[in-house]
Amino acid sequence: MAWKDLLVERRSKETLNALLFFSLALLFVFQFALGPDRERLAAVLPGLLWLGFILSGVLGLGRSFLVERENDCWEGLLLTPGDKSAIYLGKLAGSLALMLVVEALVLALFVLFFNVDLGPALPGLALVIVLGTLGVAAVGTLFAAMTAQVRARELLFPVLLLPVLVPVLLGTVQVTEALLLRESLAGVAHWLKLLVAADVVYLTIGLLTFDVILEG
Amino acid sequence: MSTALGWLAAVGLAAGLVMGFGVAPREVTQGNVQRIMYLHVPAVWVAYLAFAVGVAGSIAYLAGRRPGADRLAHAACEVGTVFLGVNIATGAIWGKPTWGTWWTWDARLTSVAVVFVMFVAYLLLRQAIEDRERAARYAAVLSIVAALNIPLVHFSVYWWRTLHQPPSLLKPGSSTMPPEIVAALLVNFAALALLGAYFVTRRARLLAAEEEALA
């Protein structure tokens with residue numbers, strides 16, 4: 001499943017390109033909204049970074065099940081024999097991979113445009129990005145499957161997703177801030193534990209309830 | 001049963017007013033403003049109680065697929081959202097004279113606000129799906145996500161606020177509450193719980209009637 005999605009994505013590059021340019025546009029908007037003051041920008045940088053990740057993630061995840069609908073594959077998904085949680089994991093892996101690629105490129109753009117020096121913070125940053133993105137993708141995949149069949153889905157999907165993601169957003173921003181200030185990860189260990197707990201909770205709910213979503 | 005609950009709630013609310021305004025003493029530092037606590041605090045208790053009932057109903061629906069369980073879940077989550085709204089509104093009214101502001105991003109206020117928004121989203125999802133059976137399934141999953149997310153929200157928001165600044169929240173009467181205040185709180189809690197139960201039974205019946213009319 002993940003393989004199929006990634007293959008489609010690699011062939012078309014449709015979502016990836018759009019998401020990248022969306023993120024670039026967001027970068028510009030952030031810059032113009034905040035003005036040229038470097039100090040102020042540095043203070044809000046972790047928040048901006050995660051806002052960008054989550055907004056582009058919302059767009060990307062929202063598409064993941066629409067593709068099936070547009071191409072009339074929804075019934076095929078429903079009729080797939082065996083455990084539906086395999087579909088969930090496949091969709092999740094596909095979205096996760098796409099989001100991580102976008103995030104890596106956005107991070108590079110942040111470094112370029114806002115002149116941040118990541119240097120030694122990079123391994124920690126990679127850890128928190130993977131943990132945070134996994135959480136976003138785990139609930140996001142579940143909710144995207146729900147809203148794919150609903151009216152006003154473009155509107156409803158972020159309305160459902162954003163409040164649920166508050167803990168993930170808080171955790172990732174706190175850890176990123178500490179990393180950019182060159183603090184050790186030990187000081188934010190409780191936030192990392194929270195992120196792991198969130199990932200476990202969301203994944204478990206997703207695996208257990210995906211059957212129910214795909215019933216019809 | 002519903003009518004009986006309604007009358008019990010009415011009697012309870014009358015008793016709650018007597019307790020809140022008559023029996024409970026005037027608070028020394030805040031004066032009469034503090035009496036809003038007898039609505040503010042029980043409202044949040046009843047709201048979380050209703051959410052617990054709602055999630056239990058959702059799980060029961062997913063397990064047994066009885067429409068009654070779904071109607072209970074729907075009604076309870078809706079009533080819980082209303083009571084949480086009452087809690088936030090009375091909190092703002094209380095906050096203005098005592099803290100000098102309607103709203104502050106304090107840990108408790110923030111986590112309650114996030115829970116409120118999650119359950120408003122639940123109601124929006126229900127509204128957006130026409131097929132009753134599908135709405136029931138999706139909403140049940142969403143309420144389980146929301147419920148399990150509450151502890152995560154709680155911890156994250158608590159750390160977020162308290163690691164940066166010590167809690168500046170005045171907590172009137174929390175240390176040594178006179179027994180009259182405790183009694184007034186409990187009477188009002190019982191009254192609001194009865195009122196909430198009354199609303200849930202009425203709402204569930206209304207949902208059943210709606211389904212019958214649309215079927």
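Helix 2 of chain A and helix 3 of chain A are roughly antiparallel to each other, a term applied to angles over 145 degrees, whereas angles under 35 degrees count as roughly parallel, 65 to 115 as roughly perpendicular and the rest as oblique. The model is predicted: local features require pLDDT of at least 70 and side-chain atom pairs count only at pLDDT 80 or more, while totals for chains, interfaces and linings use all residues. Residues are numbered from 1 along each chain as its sequence is written, and chains are lettered from A and ligands numbered from 1 in the order in which they are written. Helices (H or I, at least four residues) and strands (E, at least two) are DSSP runs, numbered from the N terminus.

The axes of helix 2 and helix 3 (residues 38–64) of chain A come within 10 Å and cross at roughly 150 degrees; axes are lines fitted to C-alpha atoms, for helices over the stretch in contact, and angles run from 0 to 180 degrees between N-to-C directions. Helix 2 of chain A contributes T15(A), L19(A), F22(A), S23(A), L26(A), F30(A) and L34(A) to the contact, and residues of helix 3 of chain A including L48(A), G52(A) and L55(A) take part. Contact is assigned where C-beta atoms, placed from the backbone, lie within 7 Å. By class, nine nonpolar, five polar and two charged residues form the contact of helix 2 of chain A with helix 3 of chain A, with Ala, Val, Leu, Ile, Met, Phe, Trp, Tyr, Cys and Pro counted as nonpolar, Asp, Glu, Lys and Arg as charged, and the others, Gly among them, as polar.

Helix 2 (residues 14–34) of chain A also packs with helix 6 (residues 85–114) of chain A, at an angle of about 30 degrees and with the axes 10 Å apart. Helix 2 of chain A and helix 6 of chain A are therefore roughly parallel to each other, and their crossing is right-handed. Among the residues that meet are L16(A), L20(A) and L27(A) of helix 2 of chain A and V101(A), L105(A) and F113(A) of helix 6 of chain A. The contact of helix 2 of chain A with helix 6 of chain A has 12 nonpolar, two polar and no charged residues.

Chain B contains six helices and zero strands. Its radius of gyration, 19 Å, is close to the 17 Å that the globule rule gives for 215 residues, so chain B is as compact as a globular protein of that length; the radius is taken over C-alpha atoms, and the rule is 2.2 Å times the number of residues to the power 0.38. The C-alpha trace of chain B spans about 60 × 45 × 25 Å along its principal axes. Buried residues account for 42% of the 215 residues in chain B (buried, 20 or more other C-beta atoms within 10 Å of the residue's own; exposed, 12 or fewer; partly exposed, in between; C-beta atoms placed from the backbone). A52(B), in helix 2 (residues 37–64) of chain B, is partly exposed, with 13 other C-beta atoms within 10 Å.

The interchain contact takes 26 residues from chain B and 25 residues from chain A. On the side of chain B that touches chain A, helix 5 of chain B supplies the largest share, 17 residues. The residues of that side divide into 22 nonpolar, two polar and two charged.

Notes:
Left-handed = near helix turned anticlockwise from the far one by under 90°. Contact = placed C-beta atoms within 7 Å.
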